[in-house]
Number of protein chains: 2
Amino acid sequence: MQSIGASKLSLSSLSSQELWEKTGRLKSGSEVFTFNDRKESRFLLAPTHEEEITSLVANLVTSYKELPLRVYQISRKYRDEARPRQGLLRGREFLMKDLYTFDYNTEKALETYEAVREAYKRIFDTLKIPYLVAAADSGNMGGNLSHEFHFISGKGEDTLISCSECGYVYNEEVSDGHAVGPIVEEPLAIPTPSETGVGTENPPAISTALWTAISKDKKTLVRAWYPRYSSQDLGDEPGEREINSHAIKAIAKSTGVDLDTGVENPVALWLSDIEKLSATNSSIEPTHKVLDIYDSQIVPYSRPPLSGLPQGFNTAEQPIQFALLNRFPGTQDGLSLTRVLDGEKCPKCSHGSLQTHNAVELGHTFYLGTRYTEVLKAKVFVDNSVTKPGEPTHNRKPQAVPMEMGCHGIGVSRMISAVADVRADIRGLNWPRAIAPFEIIVIPARNLDAEAENVYDLLRKHTDTSDVILDDRAKQVGWKLKDADLIGYPVVVLVGKAWKSAQKLEVHCRQLGGLQDDVHIDNVVEYVQSLLQRL
Amino acid sequence: MQSIGASKLSLSSLSSQELWEKTGRLKSGSEVFTFNDRKESRFLLAPTHEEEITSLVANLVTSYKELPLRVYQISRKYRDEARPRQGLLRGREFLMKDLYTFDYNTEKALETYEAVREAYKRIFDTLKIPYLVAAADSGNMGGNLSHEFHFISGKGEDTLISCSECGYVYNEEVSDGHAVGPIVEEPLAIPTPSETGVGTENPPAISTALWTAISKDKKTLVRAWYPRYSSQDLGDEPGEREINSHAIKAIAKSTGVDLDTGVENPVALWLSDIEKLSATNSSIEPTHKVLDIYDSQIVPYSRPPLSGLPQGFNTAEQPIQFALLNRFPGTQDGLSLTRVLDGEKCPKCSHGSLQTHNAVELGHTFYLGTRYTEVLKAKVFVDNSVTKPGEPTHNRKPQAVPMEMGCHGIGVSRMISAVADVRADIRGLNWPRAIAPFEIIVIPARNLDAEAENVYDLLRKHTDTSDVILDDRAKQVGWKLKDADLIGYPVVVLVGKAWKSAQKLEVHCRQLGGLQDDVHIDNVVEYVQSLLQRL
């Protein structure tokens, strides 16, 4: 953070509900802990600090000449997580590094964004653990450019998709529903019997599956028709397809429908809303709608029957409107409703093949624009020399513009957990040099304590780390070696058997393929130094 | 903390109300922020961590051989402060260093306590700011030995009393009401007219003042009779006396009466409780009591009339018992009800004179005993080799005993404020070397940037601090010097006028009497080094 000129600060964890209401981020059901003090002042525990820093900066910065401003902190954040799980990976209290940036126009803000992204890459590079940088969804941060930094991990709750050819990486969450390739036009398919509950005599050429969801206003039932199995060319065994709810949400949203994909029985909820309304409403205007969305591999079927209806319910008698969608609104693109399967074609370069990964998000960069600075009136004065460099000096009229903001986070405590998970093996943890509690441990065998202390002093003084520890506990050497493996120090130096006969030390390094070498005391500094450079 | 073998840890700020109810510290009106999560689990924001650490240790430590255990953290704490004030000095969110210690018997626990107290002295010594260590009240921590570390400061909210001879220092809060010296036995005094509202024809030999309070159960009205002015021998001008409510509380407590000194009109509250009761109660047993407490300088007056009674209220008709106290219960000591005035005699050594100080509490050591470990079942097994070293080996029966605990805090954020306050002068802040953001600042005059950078490199490499900063901002040298004074760096090195002619640097040090010296570049390392050693 300091390499990009950011200053460290420390913001209060207690923030005000009023402030968060101004930016519209405090809604009922939001993952924020709220409470009142003894005087009934309304507080919250900050899960992030855009509001706090923006209102602070609004009061301190007035001229574009004070920009760029970059400030960061490393502090605890709080979230009323519905399902805290996996220890440090998803908790109610966590440690985060957050950086906030302020610029006076888009061009400068994008320069800042790139500088931060490069700094984040350097941070992740020092861990020497493979990571992916994915194009990301900016969620409720309100931004319009964002990237995520991920470790690939079986414990990950995100799905990333990467291309073998063009290097494109994206989070499944950003799937917009656009399909690649031709749209199936021949009438190969009708809904399968198992889904509709209605028998049919034409066996389907491609097995079709159905997924339903309801809009937040309960007026629209969305039915998504998608191929049950992957198409032939991906391999011998057809893979089973899963719906991509993110894609369907994006498609529905483009038609003005806001879906709630968390409802368990959407059809029942939709029907009960119709019945509630028809009891009081005699209008013949349709109030409810069925929106059928078709994957580009499925040929649309004309108004397939509604399944799960109660006996005697006649859709024709109800004020229901049917609609069909098999092109992305406003385009000729077909729709892709399913989650990517390994081996599919890349939508970006059209010739690479895609691979999916479970991943853990550890860093996130956002370009926020003026989402917060507009509302919280964080403005600076710029003059025409900035906005119109050609104008003569006497025409320079200062003008107040909202600052362009960025926010950038690294999950510090969850990184401990993710690194532990990715690097641990049967013998224990295995810390990268950059975050190991100590880089080197010196362990004496019986009666070699003084010699070990000398080795400790030697390494501490003459290697380029002072992160050395001496295990001087009253335990057996075998126990200490096991404990060192459990804790996962990068380099273990044992003052053991070879010491008395040859003044040699045993150097272990699990990270370099379980390396173990006897090294003479005269060479040990140079040897350990060369190991550290590879870690 | 590390010098006494303490390990650093990090406890959650979110704690559970249930846990705090077990130790009885979560009561209505307590200064703790509480709230529920979305599943109605009951949380609190920890203001301190005795409960949390004790329940953790209870699960991890089972044998006395694992003791002593000393763990500390530096983290934010939260308190629903009724009157947050003076910025960092008393806020709702603050940074605290807290150390918790565990031992298996009192002897070991007291050894630990002394080790911590010595470590705290070393910490405060490094600040080179005068401080007092006072015998303290252990308040609601439940301990039985405690000391406070204070700066003397006009902004302080504590009152310390120190003796000129014996070095005894104590917080006014620990006043127990014992008087020093003889008790006045001659009938010099009766209550003054102004207090009782009743005229009198005998002018009092010593002017007496009255202070009243009521017990928490509203049954007992305490009247404290004390001298209005200091006795003659303290000086020519008699000082006005103030009541010491801590002393009266302590005296009342020794008779089994728990006082609430926060009630505004105790007599009215006491009367209304009598009237409420007499409406329903026909018993002639006295239900209410007046306890008259007399300072040793006041001669008890036989049942002085109650002031502030409504018309027609006859105390004789009411079930009221009168009691008088002018000796400390169980002793022959007289009572001292007033706050100490400068120049009074020391109660400890009886010949030194006392001085009072406004002070800011910055550190506190507590020996807690088993207050928390009993309730939270934090026990270790000891065997007879420990409890009865003389016993033969086959008689060693392991026995579970609650651990003996200590807790020890330093207010980190309030220390910033207190140090700033004590050390600042008209030119700005003035940080002790130990906590200065940077110990040395190098400032270039115009066109001497490269030379200043060389000086910066020189000082950074060859003095025993790396806390050096170069002011390379695009500002005038005068502005930079003023800014350096405002920020309060201990040492300022200016590369200015004397550079070109004589290769000399101007070294400033406000902390050493506004020292300013021209020092040749060849001597600057040695010179600055010698300054640092005096800071």
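This is a predicted model: local features need pLDDT of at least 70, side-chain atom pairs count only at pLDDT 80 or more; totals for chains, interfaces and linings use all residues.
**Entry 1**

Strand β8 (residues 145-152) of chain A is linked to β16(A) by eight bridges, and the two run antiparallel. Here I noted Ser146(A), which stands opposite Phe366(A) in β16(A). Strand β9 (residues 158-163) of chain A is also antiparallel to β16(A), with six bridges between them. In that pair, Ile161(A) faces Thr356(A) of β16(A) as its opposite residue.

**Entry 1: the nonpolar cores**

Which residues have the most contacts inside the largest nonpolar core? I recorded Phe151(A), Leu362(A), Met405(A) and Ala418(A), in a core of 51 residues. Strand β16 (residues 354-369) of chain A supplies the largest share of this core, namely seven residues. I noted that another core, of 50 residues, lies apart from it; Phe151(B), Tyr170(B), Tyr367(B) and Met415(B) are among its members.

I next listed what Met405(A) touches, leaving out residues up to four places away in sequence. The list consists of Thr54(A), Tyr100(A), Thr101(A), Phe102(A), Leu368(A), Gly369(A), Tyr372(A) and Thr373(A).

**Entry 2: a sheet of five strands**

I traced an open sheet in chain A whose five strands follow the order β21-β20-β22-β23-β24, with mixed pairing. At its edges I found β21 (468-470) and β24 (515-520) of chain A, each of which pairs on one side only. On average, neighbouring strands of the sheet are turned by 20° against each other, direction ignored.

One pairing I examined residue by residue. Strand β23 (residues 504-509) of chain A runs antiparallel to β24(A), and six bridges join them. Glu506(A) has Asp518(A) in β24(A) as its bridge partner.

Two helices pack here. Helix α11 (residues 477-487) of chain A packs on the sheet and touches β20 and β22 of chain A, its direction making about 170° with that of β20(A).

**Entry 3: Ser272(A)**

I located Ser272(A) in helix α6 (residues 266-280) of chain A. Is Ser272(A) buried or exposed? Ser272(A) counts as exposed because it has 12 C-beta neighbours inside 10 Å, and the limit for an exposed residue is 12 or fewer. I also checked its C-alpha atom against that of Lys218(A), 54 residues apart along the chain, and the separation is 9.4 Å.

**Entry 4: chain A as a whole, and chain B**

I recorded 13 helices and 24 strands for chain A. Of its 535 residues, 35% count as buried. Among contacts in chain A between residues at least 6 apart in sequence, 71% join residues at least 24 apart.

I then turned to the interface, where 13 residues of chain A are in contact with 13 residues of chain B. On the chain A side I noted four nonpolar, three polar and six charged residues.

**Entry 5: confidence**

I read a mean pLDDT of 87 for chain A, with 88% of its residues at 70 or more.

Note on methods:
Residues are numbered from 1 along each chain as its sequence is written. Chains are lettered from A and ligands numbered from 1 in the order in which they are written. A nonpolar core is a set of buried Ala, Val, Leu, Ile, Met, Phe, Trp, Tyr and Cys residues joined through C-beta atoms within 7 Å. A residue is buried if 20 or more other C-beta atoms lie within 10 Å of its own, exposed if 12 or fewer, and partly exposed in between; C-beta atoms are placed from the backbone. Helices (H or I, at least four residues) and strands (E, at least two) are DSSP runs, numbered from the N terminus. Two residues are in contact if their C-beta atoms, placed from the backbone, lie within 7 Å. Ala, Val, Leu, Ile, Met, Phe, Trp, Tyr, Cys and Pro count as nonpolar, Asp, Glu, Lys and Arg as charged, and the others, Gly among them, as polar. pLDDT is the predictor's confidence in each residue, from 0 to 100. Two strands pair if DSSP finds at least two bridges between them. Axes are lines fitted to C-alpha atoms, for helices over the stretch in contact, and angles run from 0 to 180 degrees between N-to-C directions.
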